[in-house]
Amino acid sequence: MSPLRSRVITEGVARTPNRAMLRAVGFADSDFKKPIVAVANGYSTITPCNAGLNGLTERASEALRETGTMPQVFGTITVSDGISMGTEGMKYSLVSREVIADSIETVCQAQSVDGLLAIGGCDKNMPGAMIAIARLNIPSIFVYGGTIKAGHFQGEDLTVVSAFEAVGQYCAGKIDDEQLLQIERRACPGAGSCGGMYTANTMSAAIEAMGLSLPFSATMAAEDEEKAKSAAASARALAHAIEKQILPHHLLTREAFENAIAVVMAVGGSTNAVLHLLAIAHAANVKLSLDDFETIRRRVPVICDLKPSGRYVATNLHRAGGIPQVMKMLLTRGLLHGDALTITGKTMKEVLADVPDDAAKDQEVIRPWDEPVYREGHLAILRGNLASEGAVAKVSGVKNRSITGPARVFDSEESCLAAILGGDIRPGDVIVIRYEGPKGGPGMREMLAPTSALIGAGLGDSVGLITDGRFSGGTYGMVVGHVAPEAAVGGTIALLEDGDSITIDAERGLVQVNLPNHQLTQRRESWRPPQPTYERGVLAKYAKLVSSASTGAVTDQTNFGCA
């Protein structure tokens, strides 16, 4: 080897081609010594949730440059749950969480970046980014695109769920054509994620509670200037984290997940939080189980009066003090781990130091501690012969937390919705929607159309519903989802027949079919697994890889095997 070639290699000039390509995207000589920060931008005009993300990306990138780091922006996907709801396309929603996680991991690993700023809006953007952050374990922060502002009609605040419920009201003859049209026109007035405490706002709250986003950022409106300022502040916080090497695994501890669960219960969040927090914990190699949700539920009340079952939207919560106010109330009562670290380098107790111990009395969104909406959390974990691995019930807005009635069995969401809209469901029935699980769907669709139709028809308090699929954050009523084992793998839900007596009892944590074991055994002997709906493509791959809902419906369980 010549002396010149030897010197070239030892001085690192062998990386000349790498630098040549970076020069083409704006790097100067002095920039090669700066940390490179990946900015994962979920911008899309497919959904209002993500329509404003480009502006936030630009503000964050500008702030990163000012801190002496080099941002490199790349795009990641989103699908709109609200637009695909009730269609075959909804099967891709949960799958998109994995695609987002995989894409962010792929880019960051391939480019050997020093940090990650992920910007997202729609439901799966948040858990998808968080799964990637947990896998990568490089300094990272999440920037939420922000919530949509409420629409208004006849003195009522509207959200996208209002449009789904209006369909049920229309079919039940409670509203006319013009009212239905006006609700549709006014429900979504601009950019931002669905306005109630639905899945997007639930997950933004959980991420703030885990310390991976900045205080107050979870409930900001997408179109307000403070959201753009928060994106820039997030960039500066990330630059500090890179300098101090504050890593996701320092933040994503068991205590952080317990904080997130406590906040989800306190705000009345979505059932999807159970699925997503299990998946994020799996990626972070933190042991978390369904039983942990039940334990925390028993000691944390619901203190926020938020849609879907309550009166207010996320922007109202923001004006009342946001997630920091909720967390301070929990911390004061010993229900939050104050020593958990945040991306700012401060502990949660330090972050909340200037937040009042209790919410202001001149608002009604956050209730006084001794006057909660519910004395216990609203997401109950149920077990029984219909869900030996577990199921998740959302009991907010329910007058009676138990029901025993005859099964009305449907093998798809569409057939069930047709029965509801056709007036074929009666008070006291227990609807069963099966073969909609992670493998069976595949993709574990959300049942917002049927549950909203039940509410619109006035059957929300008198009809139960169980499914191996999921529910939208906009769902409420006597509903039980995530039933595992699912029908496609031979779970007991696959054996049910019309007229079987079904019991749902949230107080006892029970979901069961009231049949003797020998009768179930006979039915199981004649049951045969259905043929896969998809044999090629994304959904086929997903069905082969995905785990049970009881472990978060993850697709890398064999590789990482976290309980």
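This is a predicted model: local features need pLDDT of at least 70, side-chain atom pairs count only at pLDDT 80 or more; totals for chains, interfaces and linings use all residues.

Colleague: What makes E2 and E4 edge strands?

Modeller: The open sheet has four strands in the order E2-E1-E3-E4, with parallel pairing. Strands are DSSP runs (E, at least two residues), helices are too (H or I, at least four), and both are numbered from the N terminus. Strand E2 (70–75) and strand E4 (140–144) each have a single partner strand, so one side of each lacks a neighbour in the sheet. On average, neighbouring strands here are turned by 20° against each other, direction ignored.

Colleague: How do you know that E1 and E3 pair?

Modeller: Pairing takes at least two DSSP bridges between two strands. Strand E1 (residues 36–41) and strand E3 (residues 115–120) are joined by five bridges and run parallel, so they count as paired. Ala-40 stands opposite Ala-118 in E3.

Colleague: Which helices lie on that sheet?

Modeller: Helix H5 (residues 93–111) lies across E1, E2 and E3, at about 140° to E2. Helix H10 (residues 225–244) touches E1, E3 and E4, and its direction makes about 175° with that of E4. Contact here means heavy atoms within 4.5 Å. The angles run from 0 to 180 degrees between N-to-C directions, with axes fitted to C-alpha atoms, for helices over the stretch in contact.

Colleague: Why are H12 and H14 called oblique?

Modeller: Helix H12 (residues 254–267) and helix H14 (residues 290–297) pack at about 55°, with axes 10 Å apart. Under 35 degrees is roughly parallel, over 145 roughly antiparallel, 65 to 115 roughly perpendicular, and the rest oblique. H12 and H14 are therefore oblique to each other. Residues that meet include Ile-261 and Met-265 in H12 and Phe-293 and Ile-296 in H14. By class, this contact has five nonpolar, no polar and four charged residues. Nonpolar covers Ala, Val, Leu, Ile, Met, Phe, Trp, Tyr, Cys and Pro, charged covers Asp, Glu, Lys and Arg, and the others, Gly among them, are polar.

Colleague: And why does oblique apply to H9 and H13?

Modeller: Helix H9 (residues 199–209) and helix H13 (residues 272–283) pack at about 40°, so this pair is oblique as well. Among the residues that meet are Met-203 in H9 and Leu-277 in H13. By class, the contact of H9 with H13 has five nonpolar, four polar and no charged residues.

Colleague: Why is Leu-56 called buried?

Modeller: Buried means under 20% relative accessible area, exposed over 50%, and partly exposed in between (1.4 Å probe, protein chains only). Leu-56 has 5%, so it is buried. Leu-56 sits in helix H3 (residues 53–66). Not counting residues up to four places away in sequence, Leu-56 touches Ile-119, Tyr-144, Gly-145, Lys-227, Ala-228 and Ala-231.

Colleague: What about Ser-61, buried or exposed?

Modeller: Ser-61 has a relative accessible area of 5%, so Ser-61 is buried. Ser-61 lies in helix H3. Leaving aside neighbours within four places in sequence, Ser-61 is in contact with Val-39, Pro-71 and Val-73.

Technical notes. Residues are numbered from 1 along each chain as its sequence is written. Side-chain values use heavy atoms; hydrogens and water are left out.
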